[in-house]
Amino acid sequence: MARKEAAWGYIFIAPIMIGFLVFMLYPFAYSFYLSLTSSDGIVVPDFVGLNNYRNLLQDETFLRSLRVTVYFTLGTVPVGALLSLLAALLLNRKMRFTTLYRTAFFLPVITSTVAIATVWKWLYNTDYGLINSVLGNLGWYQPPWLASERWALFSVILMSVWKNIGFNMVIFLAGLQGISPSLYESAKIDGAGAFKRFVYITVPMLRHTTVFVVIMAVIGSFQVFDQVFVMTDGGPAKSTTVVVYYIYQNAFKYFNQGYASAMAYVLFAIIFAVTLVQTRLARSKDVNG
């Protein structure tokens, strides 16, 4: 009887296990093999050992793409987390049309990034974009948003922060609703104002939620691709060429898939290391109180 139940168990988990092996584990292992070759995706790969990884250390474009990715992360994660928290605090109150407001904030999250990037590309247009039209009517400076090395990355960051506010807001809302109202009532009785209640109750109680939001945001920012592909194509002058976009160029434009696979594994190692550090720091804070 036990063997029969075990057999049925294996049958039920077989589809997900087959899917994991075929679409996750095999590509993961095969891409590592490709990273050790000079494969172009057409002819039989030529084994080159660690040469691809050595070449990465001397590739100025790759090193620059790493810096651009870090700038993008530093520009999106703190600002996005703060704005999401503020939005969650506002929408956690009892007021009319709360559901409508929450839906409006969350809509960009479920909307295609390509569609949103296309709209924002039009908004940023230097000649007839809505943003510069408004700025011009006000007599203010009209930046060359996507056409300038100075403004292009900032433009992508601004769009990315706007798109992801809703996702993080929902997580913060869940965290806020998990805080007992009695804590706020007790603090209010003791004479604590709104700011003190936020600092001494809300912030500490949202520590784990904030860590989760930051970790997920960092992972997502290191993997940014869609908005760069649609809005800037990595330009101008490679000022928005992030790591994933450079991987895409090498794999599908230059057909240097072995080199692209090596970059992908380096990026994986960086994301893993950053996530591990963040998790360890969060745990150490919990231990130290």
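A crossing of two helices is called right-handed if the near helix is turned clockwise from the far one by less than a right angle, and left-handed if it is turned anticlockwise. By that convention, helices H5 and H7 cross in a right-handed way. Keep in mind that this is a predicted model.

**The H5 and H7 crossing**

Let's stay with that helix pair for a moment. H5 covers residues 113-123 and H7 covers residues 149-177; their axes are 11 Å apart and the packing angle is about 135°. That angle makes H5 oblique to H7, because the roughly antiparallel class needs an angle over 145 degrees.

Which residues make the meeting? On the H5 side they are Thr 113, Ile 116, Ala 117 and Trp 120, and on the H7 side Leu 158, Met 159, Trp 162 and Lys 163.

Leu 158 is worth a click. Leu 158 sits in helix H7 and, with a relative accessible area of 35%, is partly exposed. Setting aside residues up to four places away in sequence, Leu 158 touches Trp 120 and Tyr 124. Its C-alpha atom is 12 Å from that of Met 231, a residue 73 places away along the chain.

**Aromatic rings**

There are 21 aromatic pairs in the structure. In one of them, the ring centres of Trp 145 and Phe 154 are 6.5 Å apart and the planes make an angle of 20°, so this pair is stacked.

Another pair, Phe 225 with Tyr 248, is edge-to-face, with 5.4 Å from centre to centre and 65° between the planes. This pair links distant parts of the chain, 23 residues apart: Phe 225 belongs to the loop between helix H10 (207-222) and helix H11 (226-231), and Tyr 248 to helix H12. Tyr 248 counts as partly exposed, at 21% relative accessibility.

Trp 145 and Phe 154 also turn up in an aromatic cluster, together with Trp 120, Tyr 124, Tyr 141, Trp 151 and Trp 162. Among these, Trp 120 and Trp 162 also take part in the H5 and H7 packing.

**Helix H12**

Is H12 enclosed or open? H12 runs over residues 243-252 and has 8 of its 10 residues buried, so the rest of the structure largely encloses this helix. The buried residues are Val 243, Val 244, Tyr 245, Tyr 246, Ile 247, Gln 249, Asn 250 and Ala 251.

Phe 97 is located in the loop between helix H3 (60-91) and helix H4 (98-110).

Pro 143 is in the loop between helix H6 (130-137) and H7. Leaving out neighbours within four places in sequence, Pro 143 contacts Asn 132, Leu 135 and Trp 151.

| Residue | Relative accessible area | Class |
|---|---|---|
| Phe 97 | 48% | partly exposed |
| Lys 238 | 44% | partly exposed |
| Pro 143 | 4% | buried |

UniProt, in an unreviewed entry, places "domain: ABC transmembrane type-1" at residues 66-278. In the model that span is 76% helix and 0% strand, and its end C-alpha atoms lie 19 Å apart.

The UniProt entry, again unreviewed, also lists "transmembrane region" at residues 7-29, 70-91, 103-123, 151-176, 197-222 and 258-277. Residues 70-91 are 100% helix and 0% strand, with end C-alpha atoms 31 Å apart. For residues 197-222 the figures are 96% helix and 0% strand, with 34 Å between the end C-alpha atoms.

Conventions:
Residues are numbered from 1 along each chain as its sequence is written. This is a predicted model: local features need pLDDT of at least 70, side-chain atom pairs count only at pLDDT 80 or more; totals for chains, interfaces and linings use all residues. Side-chain values use heavy atoms; hydrogens and water are left out. UniProt positions are given in the numbering used here, feature names are shortened, and annotations may be inferred rather than shown by experiment. Helices (H or I, at least four residues) and strands (E, at least two) are DSSP runs, numbered from the N terminus. Buried means under 20% relative accessible area, exposed over 50%, partly exposed in between (1.4 Å probe, protein chains only). Rings of Phe, Tyr and Trp (its six-membered ring) pair if their centres lie within 6.5 Å; planes under 30 degrees apart count as stacked, over 60 as edge-to-face and the rest as tilted. Axes are lines fitted to C-alpha atoms, for helices over the stretch in contact, and angles run from 0 to 180 degrees between N-to-C directions. Angles under 35 degrees count as roughly parallel, over 145 as roughly antiparallel, 65 to 115 as roughly perpendicular and the rest as oblique. Contact means heavy atoms within 4.5 Å.
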